[in-house]
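Please open the structure in your viewer and keep the selection tool at hand. The stops below are given in the order in which they may be selected.

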Amino acid sequence: MDESYNNKLSLVKGAKDIAREAKRHAAKKVSQVVNRAADEYSSQRNYSQFQNDDDDDDDGRYVTPNDEDGEEYASDATEGHDDEDEIYEGEYQGVPAHTDGKSRDGQVSLGQPVSDSLRERKELEQERQEEVEELAQQYELIMQECGHGRFQWQLFFVLGMALMSDGVEVFVVGFVLPSAETDMCVPNSGAGWLGSIVYLGMMVGAFFWGGLSDKVGRKQCLLISMSVNGFFSFLSSFVQGYSMFLFCRMLSGFGIGAAVPIVFPYFAEFLSREKRGEHLSWLCMFWMIGGIYASAMAWLIIPHYGWSFSMGSAYQFHSWRVFVVVCALPCMCAVVALTFMAESPRFYLEMGKHDEAWMVLKQVHDTNMRARGEPEKVFTVNRIKLPKHLDELVEMQSGSANPVAKVLSRIRTELQGIWLTFMRCFQYPVKDNTIKLAVVWFTLSFGYYGLSVWFPDVIHHLQSDEYASRVKIHNNERLEDFTFNFTLENQIHTNGVFINDRFISMKMKSVTFIDSTFLNCYFDDVTTVGSLFKNCTFVEAFFYNTDIDDSKLVGSKVINSSFHHNKTGCQMTFDDDYSAYWVYFVNFLGTLAVLPGNIVSALLMDKIGRLSMLGGSMVLSGISCFFLWFGTSESMMIFMLCLYNGLSISAWNSLDVVTAELYPTDRRCTGFGFCNAMCKLAAVLGNLIFGSLVGITKAIPILLASAVLVGGGLVGLRLPDTRGNVLM
């Protein structure tokens, strides 16, 4: 009897093994079923294959927690219907069941646990990959049913404001740098730190926020990061010390570093395949708009020195601080608008949150249908299959742990999660793509930002040479009882003698007195900019409310003279400052020159392909650098700047699209954040290297920029084409 019973058990066990093996082989044919789904979808909205392929397993199905036979569970909305009854089209059919995860040794499993723990991990990963591919195909069909309409355009403008803030942040650095360093009396040893510290903050922020958004969500991370940027940007306009100003701008850059790595994946996950390339390219235009906005505001605000106020000599609020406040407005608008946007449904599905994803997709569908005048059209998706989640174990603090220890443990856990996700970017099958993308991002950024700082400096160098050529030199002059109440500019006075002269309510700009003598002279309300007294002698001179101090008196002697109520701090003046207007105008033209490139890339992105546009744009940009040999005047250099910006913008747009499409959902923002961090690192190196070569030689910057751009373009051509891909 026992032997017969054992034989029956062996027979049952063998039958189960055969069924499991058959199921494994059937899973390999899922891709063929998915391909048939696309053909059927063109004639009718039919998701039945996704609902029936998995009848033998309960993952991603609507089952009751206690239903061992795997019968479908009807929600309250369908209560009273028999199994054979026709289900109302588009009606929500309940919630997916979740298998209870078992905790062990103070650890908790995250995600949907795998039921059969005896299967090898490679088999589980292969099965999950097949389910992810099936989900990608189904998600593409769902986005086609939802259509492209009002919802995507609303999200387009909201995310555009966030991307515009990133463009503003980059331009603010260059526009504010001279004024801030002058206003805060920054010595030459500390000059230039502002530009580098902001880019370093953006580099760390891109990596951190990109990785975190793959864990907690695109919307939430973008909302927090933009709030950080807006707060510290606004705060930086009021601080007085240069070190505190650097700290605020660094944290501001840390916040805005999230914009590019999150905005493009976020928007891409709401777009169908045929719309993705074009509309991501249109989104890139907001970065250009940010540059135009910053240039226009700088031209309108910074040169107007009268737009300022002071509270004694301790607190100064000059016009450049007003400009910083105005530049924080796009970020604040983006924060407010983001609160009304929905989280990415693709992210919800990746996290196993089916209900939340279904509700967002239904919102997208209904919003677009109402805008089309078809409110009666029903969302026909009943169920979306979720891929299995492999066990992930994380340590949890006990309930009696110190609250501070809990917070530190949570931070450590999140950082470990970000690092693990980042390391997965260097695993098959995305390892090679990550390395190639990093090279392309680095080379394009190195050439672009390096030349972007080199062009204005070269123009400024040409202006300085022309300005110096027009200097007026006065030798052996002698003036007695004369009153100076006008501006002296671009002059050199050598071996002069000034007796009983009065310098009242006047300004000296780029004026140098060498080996001159001042006898019984009176200085009242005198402001000097770039002016010096070298080896001069002051006898019985009287100084009242001037900024003439030891830093201006180089090797000079002061005999029986007195100083009263000297001006403190560094004095700024932009009255009739032609160079200030010129710098903003040049940047405005350079930014506006990318408009044709933006339009062309948006219209041709899906026609000629991402890689052709990426490689072609970088190679042409590198070739255009050789025309810099002929840049011997300001007008020629401005033309070269506009040509270079117009050719390179297509490479930026296509690179953004390719990066968003190459990575799977679970590491899309992490990979994008790493690439963007490499971009900011290249910007820092480009600023340092190209900036040190201004006025020395043209050959090295031209050859270096050409080499890196052409080399990066050739690497970009080796990337896989993503034009026909669905988002994995």
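Begin by selecting N676, which touches A206, G257, V260, P261 and W441 when residues up to four places away in sequence are not counted; contact means heavy atoms within 4.5 Å. N676 is found in helix α21, residues 668-691. Helices (H or I, at least four residues) are DSSP runs, numbered from the N terminus. At 3% relative accessibility, N676 counts as buried, a term for under 20% relative accessible area, with exposed meaning over 50% and partly exposed the range in between (1.4 Å probe, protein chains only).

Before the next selection, note that this is a predicted model, in which local features need pLDDT of at least 70 and side-chain atom pairs count only at pLDDT 80 or more, whereas totals for chains, interfaces and linings use all residues. Residues are numbered from 1 along each chain as its sequence is written, and side-chain values use heavy atoms, with hydrogens and water left out.

Colour the model by pLDDT, the predictor's confidence in each residue from 0 to 100. The protein has a mean pLDDT of 76, and 73% of its residues reach 70 or more. Over residues 574-578 the pLDDT is below 50, and this stretch has eight contacts in the model beyond near neighbours in sequence. Where pLDDT is low, the predicted coordinates should not be read in detail.

Next, select L589 in helix α17, residues 578-592. L589 is partly exposed, with a relative accessible area of 25%. Apart from neighbours within four places in sequence, L589 is in contact with I638 and C642.

Now select L620, I623, F626, F627, W629, F630, M636, F639 and L703, which form a nonpolar patch on the surface with about 920 Å² of accessible area together. Helices α19 (610-624) and α20 (634-662) each supply at least two residues of this patch. W629 is found in the loop between α19 and α20, and at 42% relative accessibility W629 counts as partly exposed. Accessible areas come from the Shrake-Rupley method with a 1.4 Å probe.

Technical notes: Patches are made of residues with over 30% relative accessible area and no salt bridge: like charges are joined within 9 Å, nonpolar side chains (Val, Leu, Ile, Met, Phe, Trp, Tyr) within 5 Å. A salt bridge is a side-chain nitrogen of Lys or Arg within 4 Å of a carboxyl oxygen of Asp or Glu.
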